[in-house]
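I opened this notebook to record what I looked up in one structure. The entries follow the order in which I consulted the model.

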Amino acid sequence: MKAHIAILPGDGIGPEVIAEGTRCLHALAQRHGHTFTLSELPFGGAAIDLSGEPLPTETLSTCLAADAVLLGAIGGPKWSAPEAKVRPEQGLLALRSALGVYANLRPVKVHPALLSASSLKPEVLTGVDLMFVRELTGGIYFGEKRQDADSATDVCTYTVAEIERIVRAAAQLARQRRGKLVSIDKANVLETSRLWRRVCTRVMREEFPDVSLEHMLVDAAAMHLIRRPRDFDVLVTENMFGDILTDEASMLAGSLGLLPSASLGEGRRGLYEPIHGSAPDIAGRGIANPCGTLLSVALLLRHSLGLSAEAEALEQAVSAALEAGARTPDVAGDAPAASTRAFGDAVLSRL
Ligand code: IPM
Ligand code: MG
């Protein structure tokens, strides 16, 4: 098949992990007879440095015309002064919004070979396989923001339609998995959460009577996630709770560098990014974990291009590399560690 993929390396370790992702895309194209056209574009802090804007017009129009977008990470100390007028993060929110990718899928699977990489006990982790569905284009991230000398405001708004579509996306996934949905909110305090709970209950009763639904308060969910993570199947939540809980959930897998994500809207086009940030502390050293990116490439192949065999081949190659002992420093413990490139080589040789 022919596909056009927009590539946004971004900042910090973004370009380093994306380089491994594009190597795998080229290798898969060659092996399976596809033509992938990759357009690399400035985004985030790198784009601010070039043009003053985190999401230049040409970057956005290329993303809108592409079949899929693969993104590394954005941000860094250079662009994060409290008084900064333009921030890389604004570009990311604008891109998610412009692409209409309201459903952010963040799968968390514990790889048996990495059980010892987590700070949690192996017996708590064995068999963990859950899927976060984070609402991505609404809530407090997108509400009105104000700041003056002695106060600041961030408005959190959700509409019924926004809640309905994200609950449907999550329930459909639960139906293909173990049929269990947990909806996370703060309905004892927030009006948006009370609306969320009401709409979620109705959609599930009317449209998904075969999927079990449990409501959980976000503070309790944070606790249960590390106390009994195996009990969870699909979790659906609003934008900011999802951001926070998925960083926590990455510790089940062993490292923030391991987790991929797919952000989807109504069509097939999607935005794919590892859930980690730009990690300025290790940027430029060639030691970042490319797993989150490689697994995001697999999600891109599956969801936007419909290439499930290629997606599986890549996932299995990542898994086999880990089983063979390839480890970047974040998950190596006392064992010898591989560089980002060496890990990429270990995956490529198994593709
Ligand atoms: C994420 C990141 C972003 C978010 C930041 C960089 C704006 O933390 O994708 O989880 O909060 O959504
Ligand atoms: Mg985050």
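The entries below concern the domains, the contact between them, the ligand site and the salt bridges.

**Entry 1: the domains.** I note at the outset that the model is predicted. I looked up how the protein chain is divided and found domain 1 (1-105 + 257-351) and domain 2 (119-253). I then looked up the separation of the domain centres, taken over C-alpha atoms, and recorded 24 Å. To the contact, domain 1 gives 12 residues and domain 2 gives 17 residues.

**Entry 2: the area between the domains.** The size of an interface is often given as the accessible area lost when the parts come together. For domain 1 and domain 2, I recorded a buried area of about 1300 Å². Carbon and sulfur atoms account for 72% of that area. Which residues of domain 1 lose the most area to domain 2? They are Tyr-102, Asn-104 and Leu-105, which together make up 44% of what the domain 1 side buries.

Entry 3: I searched for salt bridges between domain 1 and domain 2 and found 0. Polar contact between the two domains is counted at 2 residue pairs. On the domain 1 side, α4 (88-99) and β4 (103-109) each supply at least two of the residues that touch domain 2. By type, I listed the residues of this side as 8 nonpolar, 3 polar and 1 charged.

**Entry 4: ligand 1.** Which residues are around ligand 1? I listed Glu-89, Leu-92, Arg-96, Arg-106, Arg-134, Tyr-141 and Asp-243. I next examined distances from polar side-chain atoms to oxygen atoms of the ligand. For Tyr-141, an N or O atom of the side chain is 2.6 Å from an oxygen atom of ligand 1. Arg-134 places a polar side-chain atom 2.9 Å from a ligand oxygen. For Asp-243, I recorded 2.9 Å between a polar side-chain atom and an oxygen atom of ligand 1.

**Entry 5: salt bridges.** Side chains of opposite charge can pair when their charged atoms come close. In the structure I found 20 salt bridges. One of them joins Asp-345 and Arg-23, with 2.9 Å from N to O. Asp-345 belongs to helix α13 (residues 340-348) and Arg-23 to helix α1 (residues 14-32). The pair, 322 residues apart, therefore links distant parts of the chain.

Key
Residues are numbered from 1 along each chain as its sequence is written. Chains are lettered from A and ligands numbered from 1 in the order in which they are written. This is a predicted model: local features need pLDDT of at least 70, side-chain atom pairs count only at pLDDT 80 or more; totals for chains, interfaces and linings use all residues. Side-chain values use heavy atoms; hydrogens and water are left out. Domain bounds come from an automatic or database domain assignment. Contact means heavy atoms within 4.5 Å. Buried area is the accessible area (1.4 Å probe) that two parts lose on being put together, summed over both. A salt bridge is a side-chain nitrogen of Lys or Arg within 4 Å of a carboxyl oxygen of Asp or Glu. A polar contact is a pair of N or O atoms within 3.5 Å; within protein, one must be able to donate a hydrogen and the other to accept it, and residues adjacent in sequence count only if both atoms are side-chain atoms. Helices (H or I, at least four residues) and strands (E, at least two) are DSSP runs, numbered from the N terminus. Ala, Val, Leu, Ile, Met, Phe, Trp, Tyr, Cys and Pro count as nonpolar, Asp, Glu, Lys and Arg as charged, and the others, Gly among them, as polar. A residue is near a molecule or strand if one of its heavy atoms lies within 4 Å of it.
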